[in-house]
Amino acid sequence: MAKPNPIKWPTTVRVGYKTYRVEFPIRVDHQDSLGEAAHSIGRIRVQAGMNDEETANTLLHEVLHGLVWQAVDGCSLLTSAQEELVVRTFANGLCAAMRDNPQLMPTIQRALVGEPSRGSS
């Protein structure tokens, strides 16, 4: 049975100053990864066929890699293993915070774009 409201994943995401194209191939080429980001060409690939929770976590994970890459201007301040640990920790933590507090992200988004909070006069 098909899901009643399938998620429409974005085909592009803005990460810092750069727009990344988002692709969902059957298999991501890099080892056993579920996702990868090619920063120089602005591309994020997330493996197709995962459940929505894994897809969301993997997409956020790759966005965070993009932010790290921009923050250090493409230079390595961390080893690959260190960066992976930091990115995984933040992606998992942010996904859990958004899942467990469903009004958190919409409230933050309204605050950032200057919309009044719901329920305020």
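Trainee: How do the residues lining the largest pocket divide into nonpolar, polar and charged classes?

Mentor: In this predicted model, the lining of the largest pocket holds 12 polar residues, 9 nonpolar residues and 6 charged residues. The lining comprises 27 residues, and those nearest the centre of the pocket are His 61, Glu 62, His 65, Glu 83 and Glu 84. The space within the largest pocket comes to about 680 Å³.

Trainee: Which element gives the largest share of that lining?

Mentor: That is α1, from which 8 residues of the lining of the largest pocket come. At least two residues each are supplied by β3 (35–38), by α1 (52–71) and by α2 (80–100).

Trainee: What is the volume of the second largest pocket, and which residues lie closest to its centre?

Mentor: The second largest pocket has a volume of about 460 Å³, and of the 15 residues that line it, Leu 60, Leu 94, Cys 95, Met 98 and Met 105 are the closest to its centre. Two or more lining residues are given by each of α1, α2 and α3 (104–113), with the largest share, 7 residues, coming from α2. By class, the lining of the second largest pocket consists of 9 nonpolar, 3 polar and 3 charged residues.

Trainee: Turning to the nonpolar cores, what is the general idea, and which residues make up the largest nonpolar core?

Mentor: The general idea is that nonpolar side chains in soluble globular proteins tend to be buried together. In this structure the largest nonpolar core has 9 residues in all, namely Val 13, Val 15, Tyr 20, Val 22, Ile 44, Val 46, Met 50, Leu 59 and Val 63. The elements contributing two or more residues to this core are the strands β1 (12–15), β2 (18–23) and β4 (43–46), together with the helix α1. Apart from this core lies another, of 5 residues, which include Leu 60, Leu 64, Val 87 and Ala 91.

Trainee: If I select Ile 44 and leave out residues up to four places away in sequence, which residues does Ile 44 touch?

Mentor: With that exclusion, Ile 44 touches Val 13, Tyr 20, Arg 21, Val 22, Glu 23, Glu 36, Ala 37, Leu 59, Glu 62 and Val 63.

Trainee: How should I read the salt bridges, and how many salt bridges does the count come to?

Mentor: The general idea is that side chains of opposite charge can pair when their charged atoms come close. Here the count comes to 6 salt bridges. One of them joins Glu 23 to Arg 45, with the closest N and O atoms 3.3 Å apart, and this pair links distant parts of the chain, since Glu 23 belongs to strand β2 and Arg 45 to strand β4, 22 residues apart.

Trainee: Is Arg 45 buried or exposed, and which class does Glu 23 fall into?

Mentor: Arg 45 has a relative accessible area of 11% and is therefore buried, whereas Glu 23, at 23% relative accessibility, counts as partly exposed. Arg 45 also forms a salt bridge with Glu 36, in which the closest N and O atoms are 3.4 Å apart, and both Glu 36 and Arg 45 are buried. Salt bridges link Arg 21, Glu 23, Glu 36 and Arg 45 in a network.

Trainee: What separates the closest N and O atoms in the salt bridge between Asp 100 and Arg 99, and is Arg 99 buried or exposed?

Mentor: In the salt bridge that Asp 100 forms with Arg 99, those atoms are 2.8 Å apart. Arg 99 is exposed, because its relative accessible area is 51% and the cut-off for exposed is over 50%.

Key. Residues numbered from 1 in each chain as written. Predicted model: local features only at pLDDT ≥ 70, side-chain atom pairs only at ≥ 80, totals over all residues. Heavy atoms only, no water. 1 Å grid on protein atoms, 1.4 Å probe; cavity = no way out; pocket = protein on both sides within 12 Å on 5 of 7 lines; lining within 4 Å. Points joined across faces, edges and corners; volume = space filled by probe spheres on them. Helix = DSSP H or I, 4+ residues; strand = E, 2+ residues; numbered from the N terminus. Nonpolar A, V, L, I, M, F, W, Y, C, P; charged D, E, K, R; others polar. Core = buried A, V, L, I, M, F, W, Y, C linked by side-chain atoms within 4.5 Å. Buried < 20%, exposed > 50% of the residue type's maximum accessible area, 1.4 Å probe, protein only. Contact = heavy atoms within 4.5 Å. Salt bridge = Lys/Arg side-chain N within 4 Å of Asp/Glu carboxyl O.
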